[in-house]
Protein chains: 2
Amino acid sequence: MARITHVEVHDVRFPTSLTADGSDAMNKDGDYSAAYVVLRTDGTDAAGQPLAGYGLTFTTGRGNDIVASAARQQAAHLLGRDVDEMVADMGGTYRYLTSDAQMRWLGPEKGVVHLSLSAVMNAAWDLAGRLAGKPVWRLLADMTPEQLVDVADLRYLSDALTRDEAIELLRAQEAGKAERIAHLEEVGYPCYTTSAGWLGYSDEKMARLAQEAVDEGYQHVKLKCGLDLEHDIRRARIAREILGPDRHLMIDANQVWDVQQSIDWVNAMQEFDLLWIEEPTSPDDVLGHAAIKKGVGPVGVATGEHCHNRVMFKQFFQADAIDFVQLDAGRLASMNEIVAVMLLAAKFGKPVCPHAGGVGLCEMVQHASMLDYVAISGSMEGRVTEFVDHLHEHFTDPVVVENARYRLPSKPGYSTEMYPASAADYSYPDGAYWSERHADAARAAVAAGTAAESVAATLA
Amino acid sequence: MARITHVEVHDVRFPTSLTADGSDAMNKDGDYSAAYVVLRTDGTDAAGQPLAGYGLTFTTGRGNDIVASAARQQAAHLLGRDVDEMVADMGGTYRYLTSDAQMRWLGPEKGVVHLSLSAVMNAAWDLAGRLAGKPVWRLLADMTPEQLVDVADLRYLSDALTRDEAIELLRAQEAGKAERIAHLEEVGYPCYTTSAGWLGYSDEKMARLAQEAVDEGYQHVKLKCGLDLEHDIRRARIAREILGPDRHLMIDANQVWDVQQSIDWVNAMQEFDLLWIEEPTSPDDVLGHAAIKKGVGPVGVATGEHCHNRVMFKQFFQADAIDFVQLDAGRLASMNEIVAVMLLAAKFGKPVCPHAGGVGLCEMVQHASMLDYVAISGSMEGRVTEFVDHLHEHFTDPVVVENARYRLPSKPGYSTEMYPASAADYSYPDGAYWSERHADAARAAVAAGTAAESVAATLA
């Protein structure tokens, strides 16, 4: 009988701002970071190794310590818990952690306390997968419809999806599961790349990377946009030429426009046959997205990486404000909420195309997409999951992408364990990387005669 | 020429859970708390006293440290700033603090980082008022329409309200300002009390407090509800009998229902002629509130204390999902966002009836309501501001309520300065109150032979 004996939370930050990886119109200098949670137990897994769960949420640098602090407080509620009992009732575990009314006030179900809850519950799901000896997608796909619906957080959704409807929807997919798993083993799940299109890249670098994407078999390429229309048109023209008429081109404005501005900007780019405009405006603006969707057709509207919970997604569906459902595995509070959103998406007939990149998001969303195909929507049509090829080297079970497709994850767990050395070296501010960088800056400051506070401000 | 030289942030918690003050169907044991920000300068005010700004946001206990930590990081951006320059461009100051893309990722504009931004900017507004020698409502009411619109954050709102419309709307109220200020000086601004209706109070205590409210001249009384329909009906019957047919009775469910459940529950209470149902369901569910509003008429729908930003309020107006606008001065990011929401409310013809209570919320929202009447909506009709009579003794310029009306605040600033002894004694966990309580619990635990960790868990 294993119990959770220790909780560790690490503030891990990678210095991605140095190379403009991840740069867009809203986020120019992100240091891709993770609030990384480890739930240790006194038990062992099937292979006789110490049993633990590893989970994370993604942030872009400053404030990662705030999320880590919230995760520490939430995870503390799991200390001493019996692992078998916890894993046997993951819906109950989730409800227990969300029922702290004092912490709930800080959201509710949004922002820092929801990001941190995601990290904690992601670790719990990793633990559940390891204990069962299954990858998380499989653990969930093997559940009965009733079990899977018990995992899903359906609170506040009953006007759009009842428990009975959800069960019926899952039952309809029962028959083809084994066949679809076999299909995934054979061909994997389609993905697209954003690596070519960061806003900070030169035209030449973007063109070279887009050509590489085509050569690697990608059918979709996405460009960041939104700062300058002429610049966006120039890059879209270059990309479309490289992609040819049959591959898909998408653009992503990262929330920089108002509603009418979104419509005008996208319509000025209609000649490039765009598949979608992503995050045109505030992620909270359901009705704004509905207006944009009406205004920019046939270009589709994609959003979700900042859609903070299932209640917001419900409204995006109800208002017909979304064409592509870009749920985020670190912003929604783990599989408990992801399953609820995927059930809603299936009911409303909208394709789930998860947001990824960052740190560890690809590792997690592959499980969501596989589960969606196997057990929920039962379809791959019109679906494509984001893939960004960086920082995977820090994970012990990194994603494998071949021929522009995610391979089916097979190791037990959620693929979210980092190498101990990575978590240690990039811990902020005391890990080897950051303390060395601080030391460099301090030496430079002494040489330049500037004050210690200004060094701290530069580095903060 | 004064500069901001120090930033202090205090985690102040009052033990309100001991008396069930503030208890409702969602929040049963809140310890009313404030993340309290002090911006110190090297200057002096008009009276020759050291110039500083005092601001806060409200939370219900656990996690107040997380908000304080976020506020500390945001306020640090103001260190060294020239006070005159900062105060002369409060719109720019707000945009500067919201433009940190890394911190923005943790919201955006919601949850912990928005609560903490509110605390910091509330302190900046208090400083601005003290420097000008005016209460904050007056500082804003004395601005030209252009100046006031420059303060307001109109980003993402242009599909509902343009800058030009906002200016025109303010111009239309210019003429009557002096008259309306004189009227406020004479009669004050109407308020209602929630003090009678906490869910944890017995029928007898509720009845006694409702009778006291009537005796004090209140025209409105609000009851918490939502756990048990029979209980709610019984209490509503008692309250309605005390209020008579002409005073207003409201109920508040604090988000415990789904959409259809809200409609059924409220309709089962139609006989009590309710003015509004407050927070029936998730505060994020704009379309759900629209359905509820349609389903429970003539009972109105009130919400806003958890409405996390102006983009959400915009949609509540666009979808006709709200009858009473209960904006919160600690959840919206200070007057910069409150003015934007009040402009929207004026355009859509919806009365602003701010949420208050908690810690310091009454002190702040009186400024918002006075400003709304003097310069924005120009009307008091159908408006009533919440008032809860507790914790005011900790403030140096507490609200004054007479004959169920807030008196016009006259001292310079935002009325948000706490007595230093209050902030110190209730600082968590090291202030006199909490360290003594911890010592008590530790002594009791030793006597009972329980472990130190369980004491810590009980107190956490």
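Author: Happy to start with a term we will need: two strands pair if DSSP finds at least two bridges between them. Please keep in mind that this is a predicted model.

Reader: Thanks! Which residue is the bridge partner of Ile251(B) in E7(B)?

Author: Let's begin with the strands themselves. Strand E6 (residues 248-252) of chain B pairs with E7(B) in the parallel sense, over 3 bridges. Within E7(B), the partner of Ile251(B) is Ile277(B).

Reader: What is the handedness of the crossover from E7(B) to E8(B)?

Author: E7(B) is also joined by 3 bridges to strand E8 (residues 300-303) of chain B, and the two run parallel. Trp276(B) stands opposite Gly300(B) in E8(B). Going from E7(B) to E8(B), the chain passes through H13(B), and this β-α-β crossover is right-handed.

Reader: Is Thr281(B) buried or exposed?

Author: Thr281(B) sits in the loop between strand E7 (274-278) and helix H13 (286-296) of chain B. Buried means under 20% relative accessible area. Because its relative accessibility is 0%, Thr281(B) counts as buried.

Reader: Which residue of chain A does Thr281(B) touch?

Author: Good one to look at in the viewer. The side chain of Thr281(B) reaches the backbone oxygen of Trp257(B) at 2.7 Å. Leaving out residues up to four places away in sequence, Thr281(B) touches residues including Gln255(B), Trp257(B), His289(B) and, from chain A, Tyr156(A).

Reader: How many Å apart are the C-alpha centres of domain 2 and domain 3 of chain A?

Author: The domain assignment of chain A places domain 2 at 177-406 and domain 3 at 434-459. The distance between their C-alpha centres is 40 Å.

Note on methods: Residues are numbered from 1 along each chain as its sequence is written. Chains are lettered from A and ligands numbered from 1 in the order in which they are written. This is a predicted model: local features need pLDDT of at least 70, side-chain atom pairs count only at pLDDT 80 or more; totals for chains, interfaces and linings use all residues. Side-chain values use heavy atoms; hydrogens and water are left out. Domain bounds come from an automatic or database domain assignment. Helices (H or I, at least four residues) and strands (E, at least two) are DSSP runs, numbered from the N terminus. Buried means under 20% relative accessible area, exposed over 50%, partly exposed in between (1.4 Å probe, protein chains only). A polar contact is a pair of N or O atoms within 3.5 Å; within protein, one must be able to donate a hydrogen and the other to accept it, and residues adjacent in sequence count only if both atoms are side-chain atoms. Contact means heavy atoms within 4.5 Å. A crossover is right-handed if, with the strands pointing away from the viewer, the path from the first strand over the helix to the second runs clockwise.
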